Amino acid sequence: VLHVGLGQHAGNVWGYTDPDGTDYAICCTDERVVFVDTRTRQIVGTAPIPFSAHVARTFRHYCYITTDGQGGNGLGLRIVDLQYLPDSIHDLGYYTAISDFTGHTHHIDTSRGFLYLTAQSFIGGFRVFDLSDPEAPVQVSPVVSPEYRSHEVFARNDMAWVAESYNGTFSV
């Protein structure tokens, strides 16, 4: 058993498999995101997060991390390049082109190359980003509705399933 104390709050865990078949665990905490080589159980990189790291997902060799508590300053989506593992990660910093919208959770439709990002405030629906250039996502569509209190989203083949949190409803 590997037990690593990394902060007061452990969040989401995700995985990444590199082209050589090595698996990495991506562990989100309230202070950083930690990348662990599952063979050696060694930490191979960390990305500091000023607020709670909420969700980490991968597309190709990139990791996209949403962070809560950003106060609407657009620092809700961090991008990390994983192509240099097991030697290191390359923290590309925050995607700041969405200064009016802070991400809470997200889902990536890897077959289509789109990232679906819900709002930190749970209000305002979600936004869709094209990942054709993974280091510079392009917003292609906001899905905005005053009724949406989006908490989680899952998308496949241009269909998004949205959990509307406090409404007690789901939308498609």
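**View 1. Asp-158, an exposed residue with a positive phi.** At 53% relative accessibility, Asp-158 counts as exposed (exposed means over 50% relative accessible area, buried under 20% and partly exposed in between, with a 1.4 Å probe and protein chains only). This is a predicted model, so local features need pLDDT of at least 70 and side-chain atom pairs count only at pLDDT 80 or more, while totals for chains, interfaces and linings use all residues. Residues are numbered from 1 along each chain as its sequence is written, and side-chain values use heavy atoms, with hydrogens and water left out. Asp-158 sits in the loop between strand E13 (152-156) and E14; strands (E, at least two residues) and helices (H or I, at least four) are DSSP runs numbered from the N terminus. Its phi is about 65°, positive even though Asp-158 is not a glycine. Most residues other than glycine have a negative phi.

**View 2. A nonpolar patch that includes Met-159.** Move on to Met-159 and you are in strand E14 (residues 159-163). Met-159 is partly exposed, with 41% relative accessible area. Together with Phe-154, Trp-161 and Val-172, Met-159 makes a nonpolar surface patch with about 410 Å² of accessible area in total. Patch members have over 30% relative accessible area and no salt bridge; nonpolar side chains (Val, Leu, Ile, Met, Phe, Trp, Tyr) are joined within 5 Å, like charges within 9 Å. A salt bridge here is a Lys or Arg side-chain nitrogen within 4 Å of an Asp or Glu carboxyl oxygen. Areas come from the Shrake-Rupley method with a 1.4 Å probe, and for residues only the protein chains shown count as cover.

**View 3. Arg-41, another loop residue with a positive phi.** Arg-41 has a phi of about 60° and, again, is not a glycine. Look for Arg-41 in the loop between strand E3 (32-37) and strand E4 (42-48). Arg-41 is partly exposed, at 47% relative accessibility.

**View 4. The E2-E3 hairpin.** Strands E2 and E3 form a hairpin with 2 residues between them. They run antiparallel and pair over 5 bridges; pairing takes at least two DSSP bridges between two strands. Within this pairing, Ala-25 has Val-36 in E3 as its bridge partner. Strand E2 (residues 23-29) is mostly covered, with 5 of its 7 residues buried.

**View 5. The cis peptide bond at Leu-85 and Pro-86.** Leu-85 and Pro-86 are joined by a cis peptide bond with omega at about 10°. Most peptide bonds are trans. Pro-86 belongs to the loop between strand E7 (77-81) and strand E8 (90-94).

**View 6. The tilted ring pair of Tyr-116 and Phe-126.** The whole structure has 2 aromatic pairs (ring centres of Phe, Tyr or Trp, the last by its six-membered ring, within 6.5 Å; planes under 30 degrees apart are stacked, over 60 edge-to-face, the rest tilted). In one of them, the centres of Tyr-116 and Phe-126 are 6.2 Å apart and the planes meet at 50°, so the pair is tilted. Tyr-116 is in strand E10 (residues 114-119) and Phe-126 in strand E11 (residues 126-130), so the pair ties together parts 10 residues apart in sequence. Both Tyr-116 and Phe-126 are buried.

**View 7. Asp-133 and Gly-113.** Asp-133 lies in the loop between E11 and strand E12 (138-143). Asp-133 is partly exposed, with a relative accessible area of 42%. Its C-alpha atom is 9.5 Å from that of Gly-113, 20 residues away along the chain.
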